[in-house]
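User: I would like to go through a structure with you, beginning with the overall fold and then moving to the aromatic side chains. Shall we start?

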Amino acid sequence: MTQPPEDSTSSPEAFSAELARWLEGPETKTLAGLEEVFGPRSFAVAVVVLMFLPALPLPTGGVSHLFELIVVVLSAQMLLGRRTMWMPERWRTRPLGERMLTKALPFMVRRIEWFEKISRPRMAALLATPVAERLYGLGFVVFAAFAMVAPPFSGLDTLPAMGAVVLALSLLLSDVILAAIGLVLGGVGIVLIFTIGVAAYELVTRFFT
């Protein structure tokens, strides 16, 4: 009996399902493991995973600054056109942490599923060009850097981090509309950091003069 031909039109696995399957796997969750699973998409996936925690309006005990620093280093490589991630072995093999794996990332998967429902490929060919990928790297560097220098316990790192997450999702989902939303979120966050930072500086200056 002949076998029916495989359906070549079947939809590829959703990114949220891929990420959930990786999270549910038995291996220790590290950035090295993430790169092995997601290959060329690892830069954008790393931005989503590492910047999601700073994007939450919750105290993180300073661990978010380490994640933001790693994103700056990785995104700078993306800006320079690297195809694979380089980082110190200590970062590559560092476990992501129980709290992040059991609480933050499952919550993130549910949010990604929501984005997948409202998103569709828009100008996918343009977003896949080397120039676009380098521009993405620049955007990730800027948003992660501003999130890192935001005043501690101010919550001002939330919008730049959220902008980086949505921008990375736009690359993974090939949706230029999401890219625009990410740029707006990150841009508003940067403006707030500047505005409130300048106001705080003037207040301190007046107090001590």
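Analyst: Please note that this is a predicted model. Of the contacts with a separation of 6 or more, 73% are between residues 24 or more positions apart.

User: How many helices and strands does the protein have?

Analyst: The protein has 10 helices and zero strands. Along the sequence, the pattern reads α-α-α-α-α-α-α-α-α-α.

User: What share of the residues is buried?

Analyst: Of the 209 residues, 44% count as buried. The protein exposes about 11900 Å², and carbon and sulfur atoms supply 67% of that area.

User: Turning to the rings, how many aromatic pairs are found?

Analyst: A search of the whole structure gives six aromatic pairs. One of them joins Phe15 and Phe38 in an edge-to-face arrangement, with 5.9 Å centre to centre and 65° between the planes.

User: Which parts does that pair tie together?

Analyst: Phe15 belongs to helix H1 (residues 15-24) and Phe38 to helix H2 (residues 31-38), so the pair ties together parts that are 23 residues apart in sequence.

User: Are Phe15 and Phe38 buried or exposed?

Analyst: Phe15 is buried, because its relative accessibility is 5%, under the 20% cut-off. Phe38 is also buried, at 2% relative accessibility.

User: Which residues do ring pairs link into a cluster?

Analyst: The cluster consists of Phe15, Trp22 and Phe38, linked by ring pairs.

Key. Residues are numbered from 1 along each chain as its sequence is written. This is a predicted model: local features need pLDDT of at least 70, side-chain atom pairs count only at pLDDT 80 or more; totals for chains, interfaces and linings use all residues. Side-chain values use heavy atoms; hydrogens and water are left out. Helices (H or I, at least four residues) and strands (E, at least two) are DSSP runs, numbered from the N terminus. Buried means under 20% relative accessible area, exposed over 50%, partly exposed in between (1.4 Å probe, protein chains only). Contact means heavy atoms within 4.5 Å. Accessible areas come from the Shrake-Rupley method with a 1.4 Å probe; for residues, only the protein chains shown count as cover. Rings of Phe, Tyr and Trp (its six-membered ring) pair if their centres lie within 6.5 Å; planes under 30 degrees apart count as stacked, over 60 as edge-to-face and the rest as tilted.
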